Amino acid sequence: MEPVSPRLDNLVGFFLEDLHVGMSARIQRTVTEADILLFAGVSGDTNPLHLNEAYAQGTMFRGRIAHGILTASLISAVFGTMLPGPGAVYVTQNLRFKAPVRAGDTVDTRVTVAEIDPARKRVVMQATCRVGERVVVDGDAILMVPSRPA
């Protein structure tokens, strides 16, 4: 399936009736040092694994890594801005963290419509974040998606 493009007005996403299984969208973002520091400040997660290089060198990661949820938030960015887009609401999210992300890594995040439940106005989405060919986060989510106004 061809990827979708965000709508120009950025105020309305896809309505439930516009979606079909296989639709996908993606973004790429390079995680910066500032992203990690700002995320620590906003979230309160000041684990030294993310902030202290000397500490992180002594861990299995051999250096600082980005917060897993920072990487996973890129999935939310696609859901909220592209597919299904504005108006969609999270119901559940399952995530698997498979590999670390570091400052300077470019994360390629793709979401795909896997199932549509018109009666409940729910959509099951698959999501994958990669750095190069390596999957760093994957999972699935259920979202509520509004129907087209009558």
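**Figure 1. Contacts and overall build of the predicted protein model.** Of the contacts in the protein with a separation of 6 or more, 63% are accounted for by residues 24 or more positions apart, where contact means heavy atoms within 4.5 Å. This is a predicted model, in which local features need pLDDT of at least 70 and side-chain atom pairs count only at pLDDT 80 or more, whereas totals for chains, interfaces and linings use all residues. Residues are numbered from 1 along each chain as its sequence is written, and side-chain values use heavy atoms, with hydrogens and water left out. The secondary structure comprises 4 helices and 5 strands, which follow one another from the N terminus as β-α-α-α-α-β-β-β-β; helices (H or I, at least four residues) and strands (E, at least two) are DSSP runs, numbered from the N terminus. Along the principal axes, the C-alpha atoms fill a box of roughly 60 × 30 × 25 Å.

Figure 2. Although valine 31 and arginine 102 are 71 residues apart in sequence, their C-alpha atoms are 7.1 Å apart in space. If neighbours within four places in sequence are left aside, valine 31 is in contact with Ile36, Ala66, Leu70, Val101, Arg102, Ala103, Gly104, Asp105 and Val107.

**Figure 3. Threonine 71 in helix α4.** Threonine 71 has its place in helix α4 (residues 68-81) and is buried, with a relative accessible area of 2%. Apart from neighbours within four places in sequence, the residues in contact with threonine 71 are Val101, Val107, Cys129, Val136 and Val137. In the protein as a whole, buried residues make up 37% of the 150 residues.

Figure 4. Most residues other than glycine have a negative phi, and most peptide bonds are trans. The peptide bond from leucine 83 to proline 84 is cis, with omega near 0°, and proline 84 lies in the loop between α4 and β2.

**Figure 5. A nonpolar surface patch that includes valine 91.** Val89, Val91 and Met144 together form a nonpolar patch on the surface, with about 210 Å² of accessible area. Patches are made of residues with over 30% relative accessible area and no salt bridge, like charges being joined within 9 Å and nonpolar side chains (Val, Leu, Ile, Met, Phe, Trp, Tyr) within 5 Å; a salt bridge is a side-chain nitrogen of Lys or Arg within 4 Å of a carboxyl oxygen of Asp or Glu. Valine 91 has its place in strand β2 (residues 89-97) and is partly exposed, with a relative accessible area of 39%. Accessible areas come from the Shrake-Rupley method with a 1.4 Å probe, and for residues only the protein chains shown count as cover.

Conventions:
Buried < 20%, exposed > 50% of the residue type's maximum accessible area, 1.4 Å probe, protein only.
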